[in-house]
Amino acid sequence: MGKQPNLYAFSDITTLARTLRTYVLQCQAAGFERHGLFKVAVSGGSLPSTLAKALLEPGESGSEDVVDFSKWEVFFADERAVPLDHPDSNYKLLKDELLDKIPKDLGQPNVHPIDVQYIDDVQEMADQYQDALMQSFAAKDSVKVPIFDLLLLGCGPDGHTCSLFPNHELLRESDAWVAPIEDSPKPPAKRITLSLPVVTHGTKIAFVATGAGKKDIMKQIFDTEEGRSLPCGLVNEGGAEKVSWFTDNGAVEGVGFPRRGSL
């Protein structure tokens, strides 16, 4: 049996957010040490509001507990082919929940939204976003995949993550860093997403999954053979011990997979 992902469960979102803050700051410190920056990919859903709770609350005093957004480079793990002010936009969600609330003294991150002039051509939009990744991570022919310091992801009720859906052909995409999808089973249909190899090559990969509505899919992902072929299960498989799940007790009720006590 290979190395396994880390599953953490907390009594409430506040406690979860505190531990998530510690985890993100550990990843930030490692990124700064590695290349003087912190390169992050973020998805949508309920994640941005939990992230805001984790990062915008005052932390412990001390230099180890400072979020330095001025050295953050933020990409989107997936994005919908909609204008940046559209309710379905992951950029708008992150902007409303987190970016607009960052105090000036914490600095401002370098955020990479999609280029909206291509929203009618998702292949071109994916290519343009891949170009933005190349400018940050070096040319595609010199690095096989971009290696994010941290990917912050959610888990859908069907086990999807980013815009990688169960049984979809995109799960087999091994060449592109960013892929278009025109038939998303969840609206809006047109999106772009990081490919599975980019996700699993991250230095650290964190899922945030909360609420009793997640317990059935969490049980499937962690306790069943078929759950391993769901997108979240494939990330667990490919990322192994680099993957950490931050959940509340409601989301893991009935899940047999062992929890870890602390980071």
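Reader: Is the side chain position of His168 buried or exposed, and what is its relative accessible area?
Author: The model is predicted, so local features are described only at pLDDT of at least 70 and side-chain atom pairs only at pLDDT 80 or more, whereas totals for chains, interfaces and linings use all residues. Residues are numbered from 1 along each chain as its sequence is written, and side-chain values use heavy atoms, without hydrogens or water. Buried means under 20% relative accessible area, exposed means over 50%, and partly exposed lies in between, with a 1.4 Å probe and protein chains only. By that rule His168 is buried, because its relative accessible area is 12%.

Reader: With which side chain does the side chain of His168 make a polar contact?
Author: His168 sits in the loop that runs between β6 (150-153) and β7 (178-181), where strands (E, at least two residues) and helices (H or I, at least four) are DSSP runs numbered from the N terminus. Setting aside residues up to four places away in sequence, His168 touches Ile181 and Asp183, contact meaning heavy atoms within 4.5 Å. A polar contact is a pair of N or O atoms within 3.5 Å, where within protein one must be able to donate a hydrogen and the other to accept it, and residues adjacent in sequence count only if both atoms are side-chain atoms. At 2.8 Å, the partner of the His168 side chain is the side chain of Asp183.

Reader: How many disulfides are there?
Author: A disulfide is counted where two cysteine sulfur atoms lie within 2.5 Å. The sulfur of Cys155 is 3.7 Å from the closest cysteine sulfur, that of Cys232, and is therefore too far for a bond, while the sulfur of Cys27 is 16 Å from its closest counterpart, in Cys162, and is likewise too far. By this rule the number of disulfides is zero.

Reader: Within what arc do the buried residues of helix α6 fall?
Author: Helix α6 (residues 215-223) has Ile217, Met218, Ile221 and Phe222 as its buried residues. They line one face of the helix, because, seen down the axis and taking the directions from that axis to the C-beta atoms, they fall within an arc of 120°.

Reader: Which residue of β10 stands opposite Phe10?
Author: Strand β1 (residues 6-10) is mostly covered, with four of its five residues buried, and the buried residues of α6 pack against β1 and β10, among other elements. Strands count as paired if DSSP finds at least two bridges between them, and β1 pairs with β10 (residues 243-248) in the parallel sense over five bridges. The β10 residue opposite Phe10 is Asp248.
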